[in-house]
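Dear colleague,

Please find below the structure that I am handing over to you. My notes on one part of it follow.

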Amino acid sequence: MVFFLNYRRLLVQVILQTTNNKLLTNLQELMPSQGVNHELSEVLNQLWSRDTNRLKPGTDYTISLQGKAGYVAQGSNTARDMARAPLFAYVNEGKLKSIKTYTLFMRLLDNYEMSTGVSETVTSEELIENDLFLNAILETEVMKCAHKYLVSKGHSPSDQQQFKRQLYDMWFRLYHRDRSGGEDSCGFEHVFVGESKKGKEITGFHNWVQFYLQEKHGNVDYKGYKAQGNRNTPDEDDHVLNLQFSWKGLVKPVGSSFIGVSPEFEVALFTILFLASTEKVTTAVVKVDEYLLEMVVYRQGRSIGTSYPKLLSSNNRDL
């Protein structure tokens, strides 16, 4: 009897140790070596709680995840379609168009040449549209919160007009992405609209509104979600998605985007991350709401080269 009890205790200890090791392994795989940036997580959660213009999944929009997309080499434009239906099954366009920042944001999406190497021409009308968009987002609680934080860190001027100029330079100032041509790109175009590299592959394109509109017009074909095992397999109510798609015949092997969030939330979030460092590439692991994310920003001088979220985990489903 004593032998049996001792054996049972030993067995329980082995099981517990094995379980703990598995949990530790999952945590180590989940967490990049730099660990969670708690200060950034705190301020980004403040932005999240103030994003009253964020749309609600299942109510304001519905997505259909379907199958898991396979591997596609960078530069290849052949991908097996694991999703026969569109990603967006429904979007309440009436609500989208009733919100000022979305309306002004959507007006900007047709202001750019798709291919790098083709010089951009900015008309007086487009300059006005840029200005109206910045004015609108600066009125939101999300951007007010971001501005206050950036001033406290010494990253931005307290004067709102000077801050607006800083935002303009970061997001709308044109620069050379393809050195063979003129000024052919800017942060806003790359991140929110998307570009093609010499007409051969997609770069940027990390915005859900642009994705929905291009999908609606038949220009985007959703191929399926991207995930590694269970740790970042998405749910249809998630606000962040790693995915694969084609745009006008060109394949994006792995893309990523927030879903349902407002334009001001994305501008605020990526502005904070951009100004947090002067490095060419800035990455940070953050916990925003239920999502563990890796945020990535590339610098192009005083402007944003690219910026995007990468879903690492949601709902702690893997812990």
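In this predicted model, helix H2 covers residues 38-50, 13 residues in total. From its first C-alpha to its last, H2 reaches 19 Å, close to the 18 Å expected at 1.5 Å a residue. The N-terminal end of H2 is capped by Asn 37, which places a side-chain oxygen 3.3 Å from the backbone nitrogen of Glu 39.

The buried residues of H2 are Leu 40, Ser 41, Val 43, Leu 44, Leu 47 and Trp 48.

The axes of H2 and H6 come within 8 Å and cross at roughly 155°. Because angles over 145 degrees count as roughly antiparallel, H2 is roughly antiparallel to H6. The crossing in which H2 passes H6 is right-handed. On the H2 side, the contact is made by Glu 39, Val 43, Gln 46, Leu 47 and Arg 50; H6 contributes Glu 141, Val 142, Cys 145, Ala 146 and Tyr 149.

Asp 51 is found in the loop between H2 and strand S1 (61-63). Is Asp 51 buried or exposed? Its relative accessibility is 4%, so Asp 51 counts as buried, the cut-off being under 20%. Leaving aside neighbours within four places in sequence, Asp 51 is in contact with Val 142, Val 261, Ser 262, Glu 264 and Phe 265. Of these, Val 142 is also one of the H6 residues that meet H2.

Yours sincerely

Definitions and conventions. Residues numbered from 1 in each chain as written. Predicted model: local features only at pLDDT ≥ 70, side-chain atom pairs only at ≥ 80, totals over all residues. Heavy atoms only, no water. Helix = DSSP H or I, 4+ residues; strand = E, 2+ residues; numbered from the N terminus. Expected span 1.5 Å × (residues − 1). Buried < 20%, exposed > 50% of the residue type's maximum accessible area, 1.4 Å probe, protein only. Polar contact = N/O pair within 3.5 Å; in protein donor to acceptor, adjacent residues only side chain to side chain. Axes fitted to C-alpha atoms, helices over the stretch in contact; angles between N-to-C directions. Parallel < 35°, antiparallel > 145°, perpendicular 65-115°, else oblique. Left-handed = near helix turned anticlockwise from the far one by under 90°. Contact = heavy atoms within 4.5 Å.
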